[in-house]
Amino acid sequence: MKMTVLKSAIAGLALVATGVMAEEGTVGFEINGDIPIVTRVPAAAHLDGALSEAISGWEYRDSSTQAMQMDDFDNPAMLAVEQAAEVWNTAMGTVGKSCADCHGDVNESMIGIRATYPKWNEKAGEVRTLAMQVNNCLTENMGAEAWKYDGADMAAMEALISIPSRGMPVNVAIDGPVASVWEQGKEMYYTRYGQLELSCASCHELNYDNLIRADHLSQGQINAFPVYRLKDTGLVTTHGRFKGCVRDTRAETFAAGSPEFVALELYVASRGNGLSVEAPAVRP
């Protein structure tokens, strides 16, 4: 796929900025000079005053890292996206179909998809993450083997599927059939784990904008995932980062794709409702 094709076809569907404001949020930067990204919005009502505003992790990065994300030609994640674009158009499994055979052009059929996940899947009767949905397509519709939940293939495909939603506001539902899973995720967010007895909130709610060693703590928003982490020289998924955070508390972590992390992803995603989809972002 040519890199120019990766410049999202939804610039006209993205947030329309006036000055530096859009839909009560602050536009912090533009991708490729034409996709405005809202990096600050008033916190959602369901956060019960825990935060006054939701802030993208982009705000906590240095100028060189920010610059990489602002131009697809400089964003190292785009190499993986190009590979995923080839996979999208390649027949896989016993059925001999590609993703494109069912969904068509990814830049058209996937508009808005990333902004609403995790979400309730009525047919399956469960909350599904984007990775779960990709694996369901592979195994049930294509007769192929499932990918490793937080592996390189999955991360690249999630990044590709995310691009048509860049600039659109995260809008994850928390009520109806997902409510109990959301409550489970909220409980996890405030539960202290490990020998260090730290919760997600310990760093990302009570201490964001502070330094822990050389790391500038953010709110832990996931609107930008999967992200290209410079220290890892590769894409990292949401659950891959969750695993790292739990390990940092010196606790035994949950598995990627586990019900615990699915619930946590739903809750954490909802904390960023209103922020723009940025994925794939660049982080240190």
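The lining of the second largest cavity comprises six nonpolar, three polar and one charged residues. In this predicted model, that cavity holds about 40 Å³ of space. Its lining is formed by R114, Y117, V170, V172, Q221, I222, N223, V268, A269 and G272.

Two cavities of 30 Å³ or more are found in the structure. The largest cavity has a volume of about 160 Å³, and 16 residues line it, of which R114, L130, E158, T238 and E265 are the closest to its centre. At least two lining residues of the largest cavity come from each of helix 5 (130–141), helix 9 (238–248) and helix 10. By class, nine residues of this lining are nonpolar, four polar and three charged.

Helix 10 (residues 259–271) also packs against helix 7 (residues 179–189), with the axes 7 Å apart and at an angle of about 90°. Helix 7 is therefore roughly perpendicular to helix 10. On the helix 7 side the contact involves V181, W182, Q184, G185, K186, M188 and Y189; these meet P259, E260, A263, L264, L266, Y267, V268, S270 and R271 of helix 10. The contact is made up of 10 nonpolar, three polar and three charged residues.

Three strands form an open sheet in the order 10-9-11, with mixed pairing. Strand 10 (234–236) and strand 11 (281–283) are at the edges and have a single partner strand each, so one side of each lacks a neighbour in the sheet. From one strand to the next, the twist averages 40°. Strand 9 (residues 227–229) pairs with strand 11 in the parallel sense over three bridges; Y228 has V282 in strand 11 as its bridge partner.

How values were computed:
Residues numbered from 1 in each chain as written. Predicted model: local features only at pLDDT ≥ 70, side-chain atom pairs only at ≥ 80, totals over all residues. Heavy atoms only, no water. Axes fitted to C-alpha atoms, helices over the stretch in contact; angles between N-to-C directions. Helix = DSSP H or I, 4+ residues; strand = E, 2+ residues; numbered from the N terminus. Parallel < 35°, antiparallel > 145°, perpendicular 65-115°, else oblique. Contact = heavy atoms within 4.5 Å. Nonpolar A, V, L, I, M, F, W, Y, C, P; charged D, E, K, R; others polar. Pairing = 2+ DSSP bridges. 1 Å grid on protein atoms, 1.4 Å probe; cavity = no way out; pocket = protein on both sides within 12 Å on 5 of 7 lines; lining within 4 Å. Points joined across faces, edges and corners; volume = space filled by probe spheres on them.
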